[in-house]
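This briefing is meant to be read with the sequence and the three-dimensional view side by side.

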Amino acid sequence: GTVTSTMAMETYVATITVADGATTGKESAIGIPSNFIPMGVTVAVTTAAANAVNLVDIGTDADTDGFVDGISAAVNSTGFKGFFPCNGVLGMSGGTTTAATETADEVEIVLSGDPGADTTVVMKFIGISSSSDAS
């Protein structure tokens, strides 16, 4: 048999609101497609937290730090917060040989504490979408 593989650079945008009183938030529907390998993500805050809290992890519903693990981006002001390499186990630079979301899942974020008000974060991932078919 033969194996046909495809790879393409793709972007994916996730908008997530962390509710007042919570420390995590996730997409309302599955967003990141299967077999997507994220390389990096830009982060912007569109609705700021009332409290001085930071975005610390970005991942999936199944692994909340799977894309970006251990950052410290303040979310108590609006605007661009930076570009972060995907250093989690599901990311390109995670140091594993199994980087990719084999199963589609919701993107989820973790804050360092209660934001004190509903807080909205927009992330734009850049990565590689891939597929392989055997015949």
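In which strand is the place of Val107? Val107 has its place in strand S7, where strands, like helices, are DSSP runs numbered from the N terminus (E and at least two residues for strands, H or I and at least four residues for helices). This is a predicted model, in which local features need pLDDT of at least 70 and side-chain atom pairs count only at pLDDT 80 or more, while totals for chains, interfaces and linings use all residues. Residues are numbered from 1 along each chain as its sequence is written, and side-chain values use heavy atoms, with hydrogens and water left out.

- Val107 is buried, with a relative accessible area of 0%; the word buried means under 20% relative accessible area, exposed means over 50%, and partly exposed lies in between (1.4 Å probe, protein chains only).
- The C-alpha atoms of Val107 and Asp118 are separated by 17 Å, and these two residues are 11 residues apart along the chain.

**The sheet that contains S7**

- Strands of a sheet pair through backbone hydrogen bonds, and they may do so in a parallel or an antiparallel way.
- Four strands form an open sheet in the order S2-S7-S4-S5, with antiparallel pairing; two strands count as paired if DSSP finds at least two bridges between them.
- Strand S2 (24-26) and S5 are the edge strands of this sheet, since each of them pairs on one side only.
- From one strand to the next, the twist averages 25°, based on axes that are lines fitted to C-alpha atoms (for helices over the stretch in contact), with angles that run from 0 to 180 degrees between N-to-C directions.
- S2 and strand S7 (residues 107-111) run antiparallel and are joined by three bridges, and Thr24 stands opposite Val110 in S7.

**The sheet that contains S8**

- Another open sheet of four strands has the order S1-S8-S3-S6, and its pairing is antiparallel.
- S1 and strand S6 (79-85) stand at the edges with a single partner strand each, so one side of each is left without a neighbour in the sheet.
- The twist in this sheet averages 15° from one strand to the next.
- Strand S3 (residues 36-47) pairs with S8 in the antiparallel sense over 10 bridges, and the bridge partner of Val41 in S8 is Phe125.

**Aromatic pairs around Phe125**

- A search of the whole structure finds two aromatic pairs; rings of Phe, Tyr and Trp (its six-membered ring) pair if their centres lie within 6.5 Å, and planes under 30 degrees apart count as stacked, over 60 as edge-to-face and the rest as tilted.
- Tyr12 and Phe125 form a tilted pair, with 6.3 Å from centre to centre and 35° between the planes.
- Tyr12 lies in strand S1 (residues 3-18) and Phe125 in strand S8 (residues 119-134), so this pair ties together parts that are 113 residues apart in sequence.
- Phe67 and Phe125 have ring centres 5.4 Å apart and planes at 65°, so their pair is edge-to-face.
- That pair also links distant parts of the chain, with Phe67 in the loop between strand S4 (54-60) and strand S5 (68-74) and Phe125 in strand S8, 58 residues apart.
- Tyr12 is buried at a relative accessible area of 15%, Phe67 is buried at 0%, and Phe125 is buried at 0%.
- Ring pairs link Tyr12, Phe67 and Phe125 into a cluster.

**Thr120 in S8**

- Thr120 has its place in strand S8 and counts as buried, at 13% relative accessibility.
- The side chains of Thr120 and Thr17 are joined by a polar contact of 2.9 Å, a term for a pair of N or O atoms within 3.5 Å, where within protein one must be able to donate a hydrogen and the other to accept it, and residues adjacent in sequence count only if both atoms are side-chain atoms.
- Leaving aside residues up to four places away in sequence, Thr120 touches several residues, including Ile16, Ala44 and Val45, where contact means heavy atoms within 4.5 Å.

**The salt bridge**

- The side chains of Lys26 and Asp61 meet in a salt bridge at 3.2 Å, N to O; such a bridge is a side-chain nitrogen of Lys or Arg within 4 Å of a carboxyl oxygen of Asp or Glu.
- Lys26 lies in strand S2 and Asp61 in the loop between S4 and S5, so the pair ties together parts that are 35 residues apart in sequence.
- Lys26 counts as partly exposed at 39% relative accessibility, and Asp61 is partly exposed with a relative accessible area of 34%.
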